[in-house]
Amino acid sequence: MDLNRFLFEILPYLAEGIPVTLQLTVLSFALGLALGSLLAAARVFGSAPLSVVARSYIEFFRGTPLLVQIFFIYFGLPALGVKLDAFTASIVAIGLNSASYQAELLRSAIKSIPEEQYLAAESLGMSTLQTYRHIIFPQAIRVATPALVNEFVALVKYTSLASIIGVAELFRKTEYMVSYTFMPEIYLVAAAIYLAICLPTSQFAKTLESKYAIPGFKRALI
Amino acid sequence: MSEPLLLIDGLKAGYGSVEVLRGVHLSVDKGEKVVILGPSGSGKSTLLKCIPYLVRPWSGEIRVDGELVNSDPSTLRRIRSSIGFVFQQYNLFPHMTSIRNVALSLELNRRLPRQESEKIAYSVMSMLGIGELAGKYPLELSGGQQQRVAIARALAIDPKLLLLDEPTSALDPELRYEVVETLYQVAKQGRSMLIVTHEVDFAEAAADRVVFIDEGVIVEEGDAREVLERPRKERTERFLKRLRSKVGNAAT
Ligand SMILES: Nc1ncnc2c1ncn2[C@@H]1O[C@H](COP(=O)(O)OP(=O)(O)OP(=O)(O)O)[C@@H](O)[C@H]1O
Ligand SMILES: [Mg+2]
C-alpha cells in the first residue's frame, strides 16, 4: 500500500480506536475484579445458599458465549426497561463475563494457601479477620497476579466484540477502513496494534511479578 | 507448687469418626520441661494441637494457668497469646521477612507499635543467635534457620508455655544440631515447655519428665532419666530400643 496514505490516513484513523479499546478493557476489567472479588468471597466465606448463587452466576457466564451476553445486554435489556448505550453495554457485558473468570481464579488462589498457614496464624492468637488480612490475602494476591494479567490481556482482545454493536473501538475502525479502501491487509495492521498493546502488558506484568514475588519462592519450588 | 500450669484431664479427640486421643491425663508445672515420645500416628501432634484448640477436643478439660480453654473467641485469643507453638514444618509466613514474622503477634495481640515490636523481635532473635537473619525471607533460609526463626516467633510474646511439635524431625541430620542447641538455650531460661521430640540426648539432658504415648493413651511417664534408662513398660522399652538403633544408624 501507498506509504503516505498508510501513514497519514489509515493509521491515524485506526489509532482513534485505541483509546476506546483501552477504556473498554480497563473498565470492564475493573468491574470484573470488583464483582469477581465479591463472588469469590461468597464462594469461600458465604453461607451455603450464597455460595450456590455465586456458583450459578459463574457457571452461567462461563457457559454461555460472550457475544450472546453482549447482545442480550444491549438489545435484550431495553425490553426490561434498562437501556444502555453501546459503550456502556459492552463494558457491563464484558465486565460481568470477566467477573466469573476472575472469581474462579481468586478463589483458587485463596484455596492454594496451605492449611498450615491458617494454623500458624491461629496459634499466634490472630482472629479470622487478621489471618485473612495479614497472612492469606497477601499471599493469595501474589498467586493470582499472573492469571489476572492473562485475563486482562484476554480482555484487550475480547473488546473487539464490542464492534458488533457499533462501539468505535479499534476493530470497528479497522472494518470501516477495510470496507472503505478495499484493502483487507489493514486487518494485519489491526493485529499488529493489538499485539503492540498485549505484549508490553505481559512484559510489564512479569516485571511487576518478579518485583513482588516472595523472595526464595521460585527456588523453593524447583 | 499449688496449681499446674497446664492440666489436661480426660482428653479425647480425633478426626471425623476416628478417635485418636482416647482419654489423656497430663499436667505440666510452672518451669517444667516435659518431653513426649511415641510412635508415629500415636496422637502426639493431635495432643499438642488440642491445647490451644488448633484441633477441637471431643471431650475432656484443658486448663492453662487455671483457666479453662473453650471455644469462646476472646478466651481462645487470650490463651493462644500466652502459649507459643512451634510446628514440625516451621510454618513461617513466606511473604514476610523473619523479623516481621517474629514481630507480627506483638503488633496484633499486644497492640504494640511496629517499631517497638520489631525491637523486641530483634532482641529475641539476637538472643537465639539469629539476629543477622532479621531481614531475610523464610524461603531464603535453610530449614534449621527457619525453625529457629519459628522458635523466636513463638517466644516473642513471652509465652507461659512453649509447645514444640518435633521441631527437628523435618531437618537433615547435619542441620539438627543448631536447632537442638537453640532448644537447650530456651530450656535453660526456665520456661515451661512441652516438647514432642525423639532427640533422646536432649530429653535426657534437659527434660524433667518424659511421657510415652501410644495409640492415644499415655502408657508411661516419669522422671526423664528413669523412663529413658529403665522403662517399666515393655512397649516403652521396645520403642526406645528401636529409636536408639535408628539414631545409631543415622550417625554411621
Ligand atoms: N487433619 C487430620 N485429618 C485426619 N486424620 C488425621 C489428621 N491429622 C492426623 N490424623 C490422623 O490421626 C492419627 C494421629 O496423628 P498425629 O499426627 O497426632 O500422630 P503423631 O503421633 O503426631 O505422629 P507423627 O509422629 O507421625 O507425627 C494418625 O492416624 C493420623 O493419620
Ligand atoms: Mg506428629
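Helices here are DSSP runs of at least four residues, numbered from the N terminus, and a residue belongs to the surroundings of a molecule if one of its heavy atoms lies within 4 Å of it. Keep in mind during the tour that this is a predicted model.

Begin by selecting ligand 1 together with helix α1 of chain B, residues 44-50, which supplies three residues, the largest share of the shell around the ligand. Then widen the selection to the other residues that surround ligand 1, among them Tyr15(B), Val20(B), Pro39(B) and Glu166(B). If you colour this shell by class, you will find three nonpolar, six polar and two charged residues.

Next, show the side chain of Ser45(B), where an N or O atom lies 2.7 Å from an oxygen atom of ligand 1. At Tyr15(B), a polar side-chain atom lies 3.4 Å from a nitrogen atom of ligand 1. Taken alone, the ligand exposes 630 Å², and the protein buries 55% of that.

Now move to the open sheet of six strands in chain B, which has mixed pairing and runs in the order β6-β7-β8-β3-β9-β10. Strands β6 (83-86) and β10 (217-223) of chain B stand at its edges with a single partner strand each, so one side of each has no neighbour in the sheet.

Finally, select β3 (residues 33-37) and β9 (residues 209-214) of chain B, which pair in the parallel sense over four bridges, and look for Val35(B), which stands opposite Val210(B) in β9(B).

Technical notes: Residues are numbered from 1 along each chain as its sequence is written. Chains are lettered from A and ligands numbered from 1 in the order in which they are written. This is a predicted model: local features need pLDDT of at least 70, side-chain atom pairs count only at pLDDT 80 or more; totals for chains, interfaces and linings use all residues. Side-chain values use heavy atoms; hydrogens and water are left out. A polar contact is a pair of N or O atoms within 3.5 Å; within protein, one must be able to donate a hydrogen and the other to accept it, and residues adjacent in sequence count only if both atoms are side-chain atoms. Accessible areas come from the Shrake-Rupley method with a 1.4 Å probe; for residues, only the protein chains shown count as cover. Helices (H or I, at least four residues) and strands (E, at least two) are DSSP runs, numbered from the N terminus. Ala, Val, Leu, Ile, Met, Phe, Trp, Tyr, Cys and Pro count as nonpolar, Asp, Glu, Lys and Arg as charged, and the others, Gly among them, as polar. Two strands pair if DSSP finds at least two bridges between them.
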